[in-house]
Amino acid sequence: MRNLGKEELIEYLLNYAFKHGLSYILVRGEPYDPALSFKHKHKMIINTNWHNSNELPFIIGHEIGHLMLGDSGIAYWPSFSGQNSEEEEADLFSLKIIYDYSCKNGDYIQEPGTFMQNYGIPERMTAATKQLFKDNDDLI
């Protein structure tokens with residue numbers, strides 16, 4: 001993702017969070033320190049130094065998803081190997097909000113792989129991204 005586009009998307013996501021009554025703290029942690037969501041405080045902490053900076057918008061969307069979907073307690077994702085349903089739902093929320101953003105901004109990418117690369121969508125989301133594109137193709 002080109003840097004300016006990433007910054008615009010991050011701004012959009014943080015504004016989305018704020019408009020929905022969520023707060024956030026941006027920190028520069030260690031490269032593998034995960035983002036956190038605190039449901040009862042409606043707050044997320046985002047590590048802006050994440051080792052894969054292209055994933056930062058997806059991470060923000062993921063944490064927004066935890067808070068918007070009412071997940072329990074503190075949610076974090078240091079390992080994706082044993083994802084539970086809350087993690088999966090937060091991932092899907094992030095994918096959808098980024099997809100909607102891309103469409104709203106006239107970025108009509110027709111190939112899921114290109115979309116994933118351009119928007120820093122993690123590889124674990126390949127099947128869900130293909131399904132999202134298929135579902136939206138059916139609407140056209």
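Predicted model: local features only at pLDDT ≥ 70, side-chain atom pairs only at ≥ 80, totals over all residues.
Residues are numbered from 1 along each chain as its sequence is written, and side-chain values use heavy atoms, with hydrogens and water left out.

Start with confidence. The average pLDDT (the predictor's confidence in each residue, from 0 to 100) is 88. A score of at least 70 is reached by 85% of the residues. Over residues 75-82 the pLDDT is below 50.

Now find two helices (DSSP runs of H or I, at least four residues, numbered from the N terminus). Helix α2 covers residues 56-68 and helix α3 covers residues 85-104. They pack at an angle of about 120°, with axes 7 Å apart. Axes are lines fitted to C-alpha atoms over the stretch in contact, and angles run from 0 to 180 degrees between N-to-C directions.

Last, look at D91 in helix α3. The side chains of D91 and R124 form a salt bridge (Lys or Arg side-chain nitrogen within 4 Å of an Asp or Glu carboxyl oxygen) at 3.0 Å, N to O. R124 lies in the loop between α4 (112-119) and α5 (126-139), 33 residues apart from D91.

Notes
Contact = heavy atoms within 4.5 Å.
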